[in-house]
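Colleague: I'm new to this one. Can you walk me through it?

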Amino acid sequence: LLNNSGKIVGINLSNQKHLFEIAGFISPRHIVISEWPKAYVSDLYSSSIQIVDLQQNEIVGNITSKSSSEQMLIYENELFVTNWSNNNTLQIIDINADTTITFLELAKEPNSIVIDQNNLIWVLCSGGL
């Protein structure tokens, strides 16, 4: 992902050769792969998460969010998305139906997310600073 570029560029890690580009984003931030070739891309300046087909190298859909999105995490059949800019929600998406299940209200500007060895999900919020 090339932040602020509007695109994703794929390269071969062993020889740095250009493989593909996927355009159509505003400012892509993070990508998670659910089940090959389906992936999700968060976007700093968009109010949607893009669904990408990595085999066809194209955007194939999107899921509306309440604001910009940052880090994401897949656990079981759910995608957890931090809705960051001037927001305070964690969006939970059903990855089988590509629909939002709910928005959980958190502290201001959640931006980072991890899962620990006990399958507890932790979200870091900036507090608007």
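Colleague: Where is Asn 4 found?
Modeller: Asn 4 sits in the segment before β1. Strands here are DSSP runs of E with at least two residues, helices are runs of H or I with at least four, and both are numbered from the N terminus.

Colleague: Is Asn 4 buried or exposed?
Modeller: Asn 4 counts as exposed, because its relative accessibility is 54%. The cut-offs are under 20% relative accessible area for buried and over 50% for exposed, with partly exposed in between (1.4 Å probe, protein chains only).

Colleague: What does Asn 4 touch?
Modeller: Ile 26, Ser 27 and Tyr 45, not counting residues up to four places away in sequence. Contact means heavy atoms within 4.5 Å.

Colleague: How far apart are Asn 4 and Cys 125 in space?
Modeller: They are 22 Å apart, C-alpha to C-alpha. In sequence, 121 residues separate Asn 4 and Cys 125.

Colleague: Before we go on, what kind of model is this?
Modeller: It is a predicted model: local features need pLDDT of at least 70, side-chain atom pairs count only at pLDDT 80 or more, and totals for chains, interfaces and linings use all residues. Residues are numbered from 1 along each chain as its sequence is written, and side-chain values use heavy atoms, with hydrogens and water left out.

Colleague: Big picture now. How many helices and strands does the protein chain have?
Modeller: Zero helices and twelve strands. Read from the N terminus, the order is β-β-β-β-β-β-β-β-β-β-β-β.

Colleague: What are the overall dimensions of the C-alpha trace?
Modeller: The trace spans about 40 × 30 × 25 Å along its principal axes.

Colleague: How much of the chain is buried?
Modeller: Of the 129 residues, 36% count as buried. The chain exposes about 7200 Å², and carbon and sulfur atoms supply 49% of that. Those areas come from the Shrake-Rupley method with a 1.4 Å probe; for residues, only the protein chains shown count as cover.

Colleague: Which residues make up the largest nonpolar core?
Modeller: Ten residues: Val 32, Tyr 40, Ile 49, Ile 51, Ile 63, Met 72, Leu 79, Val 81, Ile 93 and Ile 95. β5 (48-53) and β8 (78-83) each supply at least two residues of this core. Apart from it lies another core of seven residues, including Ile 8, Ala 39, Val 52 and Leu 54.

Colleague: What counts as a nonpolar core?
Modeller: A set of buried Ala, Val, Leu, Ile, Met, Phe, Trp, Tyr and Cys residues, joined through side-chain atoms within 4.5 Å. In soluble globular proteins, nonpolar side chains tend to be buried together.

Colleague: Back to Leu 79. What is it in contact with?
Modeller: Leaving aside neighbours within four places in sequence, Leu 79 contacts Val 32, Tyr 40, Met 72, Leu 73, Ile 74, Gln 91, Ile 92, Ile 93 and Ile 95.

Colleague: Loops next. Where is Ser 68?
Modeller: Ser 68 is in the loop between β6 (58-64) and β7 (69-75). Ser 68 counts as buried, because its relative accessibility is 5%. Its contacts beyond four places in sequence include Asp 43, Tyr 45, Asn 83 and Trp 84. The C-alpha atoms of Ser 68 and Asn 83 are separated by 5.7 Å, with the two residues 15 apart along the chain.

Colleague: And Asn 86, buried or exposed?
Modeller: Asn 86 counts as exposed, at 62% relative accessibility. Its place is in the loop between β8 and β9. Asn 86 touches Lys 108 and Glu 109, leaving out residues up to four places away in sequence.

Colleague: Now backbone details. Which peptide bond is cis?
Modeller: The one from Trp 36 to Pro 37, with omega near 5 degrees. Pro 37 lies in the loop between β3 (28-35) and β4 (38-43).

Colleague: What is the phi of Gln 16?
Modeller: Gln 16 has a positive phi of about 60 degrees, although it is not a glycine. Gln 16 lies in the loop between β1 (7-11) and β2 (18-23).

Colleague: And what is phi for Asp 98?
Modeller: Near 55 degrees, a positive value in a residue other than glycine. Asp 98 is in the loop between β9 (89-94) and β10 (99-105). Asp 98 is partly exposed, with a relative accessible area of 21%.
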